[in-house]
There are 2 protein chains.
Amino acid sequence: MEITSFLRFLFLVLLGVILLGGSWFFDNKGGEPVGLDCSLNKPCCTSKNRIQAKSDLTLDTLKQPKPIDHLTETPHHPLDPLTLQEINKVRTILSSYPPFTTSFPAIHFVSLDEPDKSVVRSWNKGLPLPPRKASVIAYLNGQSNLLTVDLESSQVTRHDINQGSGYPSLTFADMAAVAKAPLTNPEFMEIIAGRGVRLSDLTCVSLSPGWYGEREEGRRVVKVQCFSNEGTVNFFMRPIEGLTVTVDVDTREILRISHTGAGIPIPTATDTDYRYSAQNKAEEMMKPLNPISIEQPNGPSFSVENGHVVKWANWEFHLKADPRAGVIISQAVVQDSETGQPRSVMYKGFPSELFVPYMDPSDAWYFKTYMDVGEYGLGLTSMPLVPLNDCPRNAHYIDGVFVTPDGKPYVQSNMACVFERYAGDISWRHSETPFSGMEIREARPKVTLVVRTIASVGNYDYIVDWEFQTDGLIRIKVGLTGMLMVKGTPFQNINQVGEAERNAMTGTLVSENVIGVVHDHFITFYLDMDIDGTNNSFVKVNLENELTSPGESPRKSYMKAKRDVAQTEKDAQVKLKLYDPAEFHVVNHGKRSRLGNPTGYKVVPGGTAASLLDHTDPAQFRASFTNNQIWVTPYNKSEQWAGGLFTWQSQGEDSLAMWSERDRPIDNKDIVLWYTLGFHHIPCQEDFPIMPTVLASFDLKPVNFFEKNPILRASPNVEKDLPFCRASVASA
Amino acid sequence: MEITSFLRFLFLVLLGVILLGGSWFFDNKGGEPVGLDCSLNKPCCTSKNRIQAKSDLTLDTLKQPKPIDHLTETPHHPLDPLTLQEINKVRTILSSYPPFTTSFPAIHFVSLDEPDKSVVRSWNKGLPLPPRKASVIAYLNGQSNLLTVDLESSQVTRHDINQGSGYPSLTFADMAAVAKAPLTNPEFMEIIAGRGVRLSDLTCVSLSPGWYGEREEGRRVVKVQCFSNEGTVNFFMRPIEGLTVTVDVDTREILRISHTGAGIPIPTATDTDYRYSAQNKAEEMMKPLNPISIEQPNGPSFSVENGHVVKWANWEFHLKADPRAGVIISQAVVQDSETGQPRSVMYKGFPSELFVPYMDPSDAWYFKTYMDVGEYGLGLTSMPLVPLNDCPRNAHYIDGVFVTPDGKPYVQSNMACVFERYAGDISWRHSETPFSGMEIREARPKVTLVVRTIASVGNYDYIVDWEFQTDGLIRIKVGLTGMLMVKGTPFQNINQVGEAERNAMTGTLVSENVIGVVHDHFITFYLDMDIDGTNNSFVKVNLENELTSPGESPRKSYMKAKRDVAQTEKDAQVKLKLYDPAEFHVVNHGKRSRLGNPTGYKVVPGGTAASLLDHTDPAQFRASFTNNQIWVTPYNKSEQWAGGLFTWQSQGEDSLAMWSERDRPIDNKDIVLWYTLGFHHIPCQEDFPIMPTVLASFDLKPVNFFEKNPILRASPNVEKDLPFCRASVASA
């Protein structure tokens with residue numbers, strides 16, 4: 001792959017769902033789909049309908065940061081995302097760019113082309129911004145174009161054509177058209193009628209086909225599958241099982257109709273609608289709890305400067321919405337506990353790829369091996385957050401500014417939130433027992449800062465939290481909720497299933513005629529750590545069992561920590577082992593504590609699960625970034641997306657595992673740490689018709705970074721500072 | 001070991017700390033230690049000094065459960081702990097029991113002898129209580145007596161002498177006397193003088209010796225080590241390194257003085273005092289955050305009936321303080337989401353043992369392989385919680401009623417708290433993307449109920465939370481904070497340390513002359529699961545990689561879930577493996593969901609770390625319950641303490657691993673699940689002089705227990721129900 005520029009992607013497509021006979025998403029009159037523009041993209045398009053979390057009652061005491069006025073917004077920081085005006089300018093420049101003057105391409109992605117890291121690191125507030133550039137992915141005549149547009153010179157300064165495998169994912173227009181394509185096919189219509197589904201109840205989705213060899217090569221392909229939405233909004237629970245239509249995206253040609261589901265009933269809609277308004281006897285069966293709320297009557301302790309620079313307690317970082325990553329955290333800096341000076345911790349962090357293989361080799365399921373970041377985009381699928389429920393009452397909301405396929409900007413409102421979290425937890429504490437003769441009871445409440453986005457990638461909802469602690473720890477948490485991807489089955493009870501059939505079942509019977517198929521989630525984070533500067537090393541601190549010599553000690557064994565500095569990338573490919581444990585430090589050997597310990601942060605694994613797929617399986621080869629739980633690479637501006645830049649139908653040659661295979665030196669270099677959170681999911685009845693959230697997290701934790709506990713001086717809660725609350729007017 | 005009765009322990013001793021020259025703990029006049037009675041045990045002794053978390057401002061709106069009046073308390077439930085009056089009666093009965101009439105033994109433990117499980121399970125509110133009995137451990141003339149006292153007949157109905165290894169841990173009086181014993185020894189006094197420590201600054205602690213073969217056999221032994229408290233309350237950071245005095249507890253004889261630390265300086269007191277009052281420039285260096293609080297102006301949604309039966313949302317359970325376990329949760333029952341009927345989940349759960357091996361084979365360190373539950377007691381070391389800081393403002397506090405060595409009761413006030421937790425998290429949610437044509441944004445806030453105790457076992461503080469969720473999940477969380485156990489060293493900077501010396505270092509230089517020694521924590525939970533009754537099975541649902549046949553599928557591999565029902569105990573000895581994953585279900589094969597799935601709960605591992613010690617190491621043999629992460633045993637009333645009932649100097653023959661070795665049948669039986677949370681701890685400078693909390697947790701999670709998501713009907717937050725808060729009067 002020739003292409004090397006930075007943050008350069010995509011207008012990604014979602015599950016291309018169309019409602020047939022009822023209303024088209026893009027056109028309520030049932031006509032042709034039209035290009036998505038801001039006025040149509042209602043729920044997430046304007047900032048006018050911003051949902052206010054604040055009531056009149058509390059507005060006077062809340063001192064929230066001001067929301068951005070996108071119409072007048074200008075960049076203030078080298079990493080600030082492109083504004084509405086800048087995106088419009090990119091479109092104007094591209095319109096007069098010779099290769100596109102006769103035929104304007106489909107715009108898949110427009111985003112800031114970030115200045116070089118050295119430029120950003122040397123920039124300070126008050127200095128002029130480095131030149132603003134846009135990275136654009138545009139598709140025209142079967143070619144994926146990657147362009148750099150200089151907004152100052154109004155020139156296209158770089159133009160590459162993707163020579164490798166993979167495509168940008170679909171535009172909204174493609175998505176709608178493709179999902180509609182089967183409707184003109186008599187065979188398809190006959191099958192639908194035979195399955196007893198009315199056209200007016202049909203919901204079809206456009207699924208990424210993965211990549212499985214020759215027959216998908218050389219053309220953009222989508223797999224269309226359909227559901228019945230009769231009697232429920234939760235069409236995901238009503239699959240027309242075993243019907244898959246393979247469509248060529250460019251020609252709209254139906255390449256193949258596979259129908260293996262004849263005789264499998266459409267599951268009923270019973271209890272599938274999860275909306276509160278649809279529940280019977282809700283209050284009777286589950287008495288609501290008394291109101292409970294996180295309250296900050298003096299307002300939050302954080303500020304958001306110019307919409308992007310967050311300052312809270314001892315932390316400062318840059319925050320921006322991104323269509324592909326959801327939210328990107330940059331230049332995270334923490335104050336030294338002794339000097340008060342800012343010290344760099346992480347240059348950039350974001351979810352780089354999310355691999356979701358389903359574990360069913362049958363024709364309608366084998367290809368379901370999604371790469372949700374590259375194929376759908378965590379930002380594009382981040383809908384407006386629900387105030388008081390997705391984020392607590394004291395949250396501040398952040399918008400994204402993204403781009404339609406025709407190159408116009410739109411506002412994805414309230415797609416992230418920032419809030420202070422207090423959960424009744426304890427930062428540190430100690431009590432002396434009476435036996436010491438000292439009556440000491442010291443405890444400190446734990447308050448943290450959370451940045452949250454939630455991507456709704458079709459059925460699944462991914463909650464991604466960055467939680468900053470005053471002790472210097474960053475916790476990265478992923479929550480999984482939303483709907484299962486389920487499979488229709490003839491069975492209504494497990495007792496009807498014979499031995500052989502049971503062996504062939506690829507999941508759990510979660511409702512009548514519904515199997516929740518076993519699957520995994522692997523979410524790989526890009527973590528460009530800069531501990532006190534860019535020259536860092538990766539150190540495995542191995543814990544090993546040591547045997548004592550005869551007569552040395554009454555103990556026969558003990559555990560010893562041994563430092564092993566990784567020299568090259570392969571030294572840093574880590575598979576975690578319970579009985580061969582280690583800590584994983586990123587340290588700066590050039591910066592020592594007063595005691596001579598190198599300053600560092602460690603990644604503390606959590607949410608560990610490994611992919612069991614065979615390494616020669618095409619699905620695993622594309623997702624080979626999940627072959628290890630930890631990788632370290634030397635910094636390279638072009639290596640950011642673990643599954644490759646052009647992920648749709650990618651063949652795996654542009655991926656973290658391939659880059660790491662070069663085994664470059666990483667000691668005392670600018671290095672990037674990659675960590676993969678994993679989840680095995682065997683569904684159960686509790687996951688039907690919507691899943692309680694499952695959470696996992698990992699930490700970035702200071703290790704000899706501070707001279708001592710950085711929150712030794714933290715103040716305790718005292719009664720006089722806490723708010724005085726009354727029941728609301730409504731319940732009083 | 002002959003002894004088989006239930007919940008029968010101990011008056012355990014803490015770190016026996018004495019302050020020399022200043023004030024004796026038990027006697028401010030510097031005279032002989034006296035027996036601890038309620039009037040002396042000030043911080044935790046009476047209910048009069050109960051700390052009220054409620055201010056006048058909010059008292060009127062808080063509807064907290066009423067605190068117990070211990071003077072008039074009577075039992076209402078078969079599992080209610082012994083009351084003050086009952087304990088007094090036990091003492092009276094024992095006083096006239098012939099073996100004790102001439103010489104009253106030291107009372108180590110008095111606790112309810114719980115009625116048989118079948119009796120408790122068939123008891124219902126309104127029925128008379130089963131006969132009340134006490135289990136007593138008393139030490140006299142070198143013998144450990146285990147007695148059952150019938151409170152109705154006023155008879156001792158059972159009296160066994162411990163024939164196996166191990167002792168009850170020390171009484172307060174023993175502890176004080178033993179720690180004082182070296183002071184009469186000229187060699188010891190000379191060493192102390194030589195190390196430059198004044199007697200008035202000396203703090204000595206009595207440490208459990210573990211068990212390492214012959215020389216500790218046949219007598220009760222303690223290891224006494226000392227610190228300087230000059231200039232700091234944090235004497236733990238000022239060790240007189242390498243000085244260990246081995247003392248016979250019964251004779252007070254000095255058995256051995258080991259001094260290997262000559263020339264090792266006492267670390268300075270700089271920055272070791274962690275009290276807020278001792279901080280310089282606290283507000284300047286760390287600006288306090290704006291006030292933040294969890295508020296419930298209508299009061300909590302839970303009730304605590306008669307001080308012990310907690311009812312909240314869809315949960316009900318019995319809660320009691322216990323001197324050994326801290327808090328015991330019994331008869332946890334959840335409402336069926338469809339019928340509203342109560343369904344049993346867990347008969348009893350508590351932390352059964354806590355193994356803390358330090359990783360240094362030298363003479364002053366090899367024996368530090370503590371078993372904190374059996375040797376010190378998590379309840380006895382649970383000091384009054386700090387309102388607003390250890391527990392949030394909306395917490396309700398619970399007392400323990402424990403026993404002094406002379407058999408008198410005392411109240412350990414506020415040693416547990418119960419509160420509703422809202423952290424801004426999400427129970428479940430889903431947004432539809434615009435592409436579905438449905439504008440759906442459904443989200444539910446997550447509110448949980450937490451039961452918290454914090455044991456201060458000498459230097460370390462262990463936060464143990466039981467968190468109940470409305471979706472049926474129980475999360476068991478352990479937080480580690482407090483102080484490191486540190487080792488003195490001649491070095492002030494790592495650069496002074498040569499290669500060989502560095503290899504010999506057993507920890508991290510965390511301050512000048514201070515090494516934080518590498519160590520582990522393993523906390524093993526007893527979980528008597530009763531899923532819809534007592535007849536349960538343990539099922540490993542193994543996830544295995546399957547290869548497809550040639551031509552079967554474009555996929556080469558997928559992952560398959562295979563159920564394996566454990567027949568005997570050895571089938572259920574589980575070492576976790578990342579690349580050989582499984583789910584671990586406790587199911588009731590006799591109780592099926594409407595779909596035919598057996599109802600069940602799974603243990604979801606978290607906080608995994610395994611002991612690397614050699615199995616033949618005496619320390620590991622005693623703590624062989626950490627050889628696996630999961631065990632399942634058939635229910636046996638006498639098998640509750642994973643490291644044995646008499647833990648002090650135990651040799652490991654009465655332990656979980658030994659019981660399990662019998663390999664008894666466990667399929668379709670009343671079974672007990674054991675799970676061990678593990679922590680490896682390589683200290684770092686951030687742990688000095690007090691450690692930020694490290695948390696790990698595991699879950700008990702319903703799996704096909706409910707017919708569907710049990711919180712489908714949960715109501716969302718709406719603004720009108722939330723409180724109206726103002727800044728407090730103080731800050732207004």
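## Strand β31 of chain A

Two strands pair if DSSP finds at least two bridges between them. Strands (E, at least two residues) and helices (H or I, at least four) are DSSP runs, numbered from the N terminus. In β31(A), A:Leu677 is the bridge partner of A:Ile523. The strand β25 (residues 519–529) of chain A pairs with β31(A) in the antiparallel sense, over 9 bridges.

Two other pairings involve β31(A). Strand β30 (residues 630–634) of chain A runs antiparallel to β31(A), and 5 bridges join them. There, A:Ile630 has A:Tyr675 as its bridge partner. Strand β26 (residues 535–547) of chain A also pairs with β31(A) in the antiparallel sense, over 2 bridges. A:Asn536 has its bridge partner in A:Lys669.

How many of the 13 residues of strand β31 (residues 669–681) of chain A are buried? The count is 11, so the strand is largely enclosed by the rest of the structure. Buried means under 20% relative accessible area, exposed over 50%, and partly exposed in between (1.4 Å probe, protein chains only).

## How the model was read

Residues are numbered from 1 along each chain as its sequence is written, and chains are lettered from A and ligands numbered from 1 in the order in which they are written. Local features of this predicted model need pLDDT of at least 70, side-chain atom pairs count only at pLDDT 80 or more, totals for chains, interfaces and linings use all residues, and side-chain values use heavy atoms, with hydrogens and water left out.

## Where the chains meet

The contact (heavy atoms within 4.5 Å) takes 208 residues from chain A and 207 residues from chain B. The two chains bury about 18300 Å² between them, 59% of it on carbon and sulfur atoms. Buried area is the accessible area (1.4 Å probe) that two parts lose on being put together, summed over both. In chain A, the residues that lose the most area to chain B are A:Ile292, A:Phe435 and A:Arg555, together 5% of what that side buries.

Across this interface the rule finds 16 salt bridges. A salt bridge is a side-chain nitrogen of Lys or Arg within 4 Å of a carboxyl oxygen of Asp or Glu. B:Arg429 forms one with A:Asp390, where the closest N and O atoms are 2.5 Å apart. Strand β18 (residues 409–431) of chain A gives the largest share of the side of chain A that touches chain B, 13 residues.

A strand pairing also crosses between the chains. Strand β10 (residues 293–295) of chain A and strand β10 (residues 293–295) of chain B run antiparallel, joined by 3 bridges. A:Ile294 has B:Ile294 as its bridge partner in β10(B).

## Helix α6 of chain B

Of the 9 residues of helix α6 (residues 172–180) of chain B, 7 are buried, so the helix is largely enclosed by the rest of the structure. Among them are B:Phe172, B:Asp174 and B:Met175.

A cis peptide bond joins A:Phe688 and A:Pro689, with omega about 0 degrees. A:Pro689 lies in the loop between β31 and β32 (691–702) of chain A. In chain B, a cis peptide bond joins B:Phe688 and B:Pro689.

B:Leu388 is not a glycine, yet has a positive phi of about 75 degrees. B:Leu388 sits in the loop between α9 (372–375) and β17 (396–403) of chain B. Is B:Leu388 buried or exposed? At 7% relative accessibility, B:Leu388 counts as buried. B:Asp663 also has a positive phi, near 55 degrees. At 28% relative accessibility, B:Asp663 counts as partly exposed.
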